Amino acid sequence: SDGDLVVVGGGRKRLWSGFIPVDTSQTYRLSGRFRVLPASDGSPAPSTILFGVAAFDGNRERLATGSAYLRYIGANLVVLNSLQNWVTLYGSITSEGDGSNLFIPGTKFIRVYVSANTFEEDSAVEIRDIEFTQLLEVSG
């Protein structure tokens, strides 16, 4: 992330990062800042956010467990509103398995995924500071 601001408006929008290599034996943190803008008439507005990662194998083919290919580690249908200021959404993912905070077995790459205005038609959301970073273990 370089701190750029993205504004998403006019119904559901999906944003994807490029491919990011991962080592599933490590722990990673996904974070981003979100702010919903008031409606055009100034009234409060909501936005439902999905924020996570999609898994891909070494050939960059999408992986899935059952029908699920996304891990919503940052937000799973979190409703934000314009009465809030900037809200930081975050979560972590590590190891391999079938849990919501585990990489799908065979993962070699991920793509960060954001869905803003998942159910809203007229909301606008500002998004910034999306980061996917490896957490380092410090031993004393």
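Seven aromatic pairs are counted here, where rings of Phe, Tyr and Trp (its six-membered ring) pair if their centres lie within 6.5 Å, with planes under 30 degrees apart taken as stacked, over 60 as edge-to-face and the rest as tilted. The model is predicted, so local features need pLDDT of at least 70 and side-chain atom pairs count only at pLDDT 80 or more, while totals for chains, interfaces and linings use all residues. Residues are numbered from 1 along each chain as its sequence is written, and side-chain values use heavy atoms, leaving out hydrogens and water.

**Aromatic pairs**
- Phenylalanine 19 and phenylalanine 56 form an edge-to-face pair, because their ring centres are 5.0 Å apart and their planes stand at 80 degrees.
- Phenylalanine 19 is partly exposed at 32% relative accessibility, whereas phenylalanine 56 is buried at 7% (buried means under 20% relative accessible area, exposed over 50%, partly exposed in between, with a 1.4 Å probe and protein chains only).
- Phenylalanine 34 and phenylalanine 51 also pair edge-to-face, with 5.2 Å from centre to centre and 70 degrees between the planes, and both residues are buried.
- Trp16, Tyr72 and Tyr113 are joined into a cluster by ring pairs.
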